[in-house]
Amino acid sequence: MELLRDRRVWSAFGAGLVGTALVWAFLRSSGGPEPIKVVEIPTPPPPVEVVESLQSGQTLAEVFGTQGLTGGEILEVVEAIREYESPRRLRPGTEITFAVRPGESLSRISLKLDRDRTLHLLASEGDGAPWDARLDSVRIVRDTILVAGLIGSNLYDSRLSGDGPALTAGQLDQMIGQLSRIYAWQIDFWRDIRTNDSYRLVMARDVRPDGSVRIARILAAEFRNGDRLLTAVRFQPDQSEPVEYYDGEGEALRGQFLLAPLDLARVTSGFSMRRFHPVLRRTRPHLGIDYGASRGTPVRATGGGVVTRAGGWGSYGTAIEVRHANNLRTRYAHLSGIARGVRSGARVEQGQVIGFVGSSGLATASHLHYEFLRDGSHVNPARMQFPRAEPVADEYRELFDANSGHALGLLQRVEMPIPSATARTQD
Ligand SMILES: [Zn+2]
């Protein structure tokens with residue numbers, strides 16, 4: 001209390017420039033408690049905020065110009081921003097807020113650099129730099145979640161356990177998308193998934209204060225597909241190397257061919273486990289695999305190679321053929337269209353979208369007819385062994401073993417779901 005004697009105490013309520021109210025309290029030096037006199041000082045009018053959004057093709061200088069800044073002032077603002085972010089990297093749609101007190105000049109400019117960072121430029125009162133910058137970042141919390149799923153009618157319709165039930169629909173879609181990409185070389189998610197297949201996974205996440213997820217990575221997973229149990233462990237020996245998924249022994253999951261030419265993650269609506277049976281009167285055995293999918297669904301090259309045909313092709317309708325290493329070819333038929341740049345002689349990468357599902361040629365319903373040929377004869381890609389990416393390098397072996405031991409240990413904390421019918425027979 002000593003400090004408060006004989007002093008006028010100023011208290012400021014309210015944050016920043018908005019609605020600041022000053023309360024003046026005067027404490028008398030002598031005697032015991034005295035009534036405190038409170039005097040309200042008129043609150044200055046709140047600043048008016050104008051929110052602009054950066055339009056495509058528009059420069060920051062142009063936006064500032066609309067707010068009445070002169071050329072020299074614009075340069076100063078852009079310089080202040082440049083210390084935190086290159087103005088060229090700002091995307092269309094970036095929100096820029098101008099706070100102006102009525103009758104006065106700009107008091108603050110705020111730029112939402114991205115979802116996680118807002119840059120505030122406060123008009124400086126002193127003689128130094130005209131703007132004081134302050135960067136606000138949202139607080140990111142890292143967590144690790146464990147999710148298990150028992151597949152019902154389809155992969156997106158799993159009975160979830162562990163931390164799964166707490167996920168939002170969007171987070172779940174993202175997780176399923178990642179899972180399907182990790183196993184894209186082992187499982188044809190369009191055709192090989194059965195009711196009562198199951199999975200469990202460990203996921204590391206960066207979560208924002210509002211609960212939204214900034215980054216989510218699957219560290220390890222197990223997928224039970226029929227009688228196969230497939231393990232996946234994420235590993236990146238250092239930042240300069242790409243992220244790969246390996247099995248528990250350090251063999252790469254990535255291989256020469258994706259099993260399905262359609263990306264499950266791109267077709268989240270209307271997807272059904274119902275197998276597609278085209279009604280075709282065939283005069284010869286069916287030599288391909290049919291994927292029922294709606295018109296326009298992107299079709300991707302299952303392996304890297306060179307396009308040998310792209311366009312009208314008899315009963316195939318609009319079709320594409322790609323030649324791969326080891327005298328292998330893939331064909332994609334009944335398309336509604338071919339992606340830009342895909343023409344005979346063009347090189348395509350694995351996973352690249354080359355065309356779109358349709359019903360051209362001899363097709364009664366929208367579907368993709370996919371063929372796989374070795375030395376000119378049709379083969380079933382699911383029964384073949386293809387070359388895989390390199391296993392974990394010897395020099396990183398110890399690190400991999402430590403990482404995978406840790407991740408697979410975490411995985412044990414959530415139980416692999418078992419179908420309820422099986423559960424009943426066990427008790
Ligand atoms: Zn077919």
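Biologist: Leucine 229: buried or exposed?
Modeller: Exposed, because leucine 229 has 11 C-beta neighbours inside 10 Å, and a residue with 12 or fewer counts as exposed. Bear in mind that this is a predicted model.

Biologist: Where does leucine 229 lie?
Modeller: In strand E13.

Biologist: What does leucine 229 touch?
Modeller: Glu222 and Arg224, leaving out residues up to four places away in sequence.

Biologist: Now the helices. How many helices and strands does the protein have?
Modeller: Five helices and 23 strands.

Biologist: Take H3. What span should the helix have, and what does the model give?
Modeller: H3 runs over residues 169–182, which is 14 residues. At 1.5 Å a residue it should span 20 Å, and its end C-alpha atoms are 20 Å apart, so the two agree.

Biologist: Which residues of H3 are buried?
Modeller: Met175, Ile176, Leu179, Ser180 and Ile182. Looking down the axis of H3, the buried residues fall within an arc of 155°, so they line one face of the helix.

Biologist: Why would residues three or four places apart point the same way?
Modeller: Because an α-helix has 3.6 residues a turn.

Biologist: What covers the buried residues of H3?
Modeller: Strands, including E9 (141–154), E11 (198–207), E12 (213–225), E13 (228–235) and E14 (244–246).

Biologist: What does Leucine 179 touch?
Modeller: Tyr199, Leu201, Ile218 and Ala221, again not counting residues up to four places away in sequence.

Biologist: Which residues have the most contacts inside the largest nonpolar core?
Modeller: Leu179, Leu201, Ala220, Ala221, Ile320 and Tyr332. That core has 60 residues. Domain 3 (141–255 + 390–421) and domain 4 (264–273 + 287–383) both give residues to the core, so it lies between them.

Biologist: What lies apart from that core?
Modeller: Another core, of 14 residues. Ile81, Phe98, Leu106 and Leu113 are among them.

Biologist: On to H4. How many residues, and what reach?
Modeller: H4 (residues 397–411) has 15 residues. From first C-alpha to last, H4 reaches 21 Å, close to the 21 Å expected at 1.5 Å a residue.

Biologist: Which residues are buried in H4?
Modeller: Asn403, Ser404, Ala407 and Leu411. These cover an arc of only 95° around the axis, which puts them on the same side of H4.

Biologist: And which are exposed on the other side of H4?
Modeller: Glu398, Ala402, Gly405 and Gly409.

Biologist: What covers the buried residues of H4?
Modeller: The cover includes E11, E12 and E13.

Biologist: Let's do the strands. In what sense do E9 and E11 pair?
Modeller: Antiparallel, over 10 bridges.

Biologist: How many bridges pair E11 and E12?
Modeller: 10, in the antiparallel sense. Tyrosine 199 stands opposite phenylalanine 223 in E12.

Biologist: Which residue takes a positive phi in the hairpin of E11 and E12?
Modeller: Glycine 211, with phi near 90°. The hairpin has five residues between the strands.

Biologist: Whole protein now. What percentage of residues is buried?
Modeller: 27% of the 427 residues.

Biologist: And what share of contacts is between residues 24 or more positions apart?
Modeller: 59% of the contacts with a separation of 6 or more.

Technical notes
Residues numbered from 1 in each chain as written. Predicted model: local features only at pLDDT ≥ 70, side-chain atom pairs only at ≥ 80, totals over all residues. Helix = DSSP H or I, 4+ residues; strand = E, 2+ residues; numbered from the N terminus. Expected span 1.5 Å × (residues − 1). Buried ≥ 20, exposed ≤ 12 C-beta atoms within 10 Å, placed from the backbone. Arc of directions from axis to C-beta. Contact = placed C-beta atoms within 7 Å. Core = buried A, V, L, I, M, F, W, Y, C linked by C-beta atoms within 7 Å. Domains from an automatic or database assignment. Pairing = 2+ DSSP bridges.
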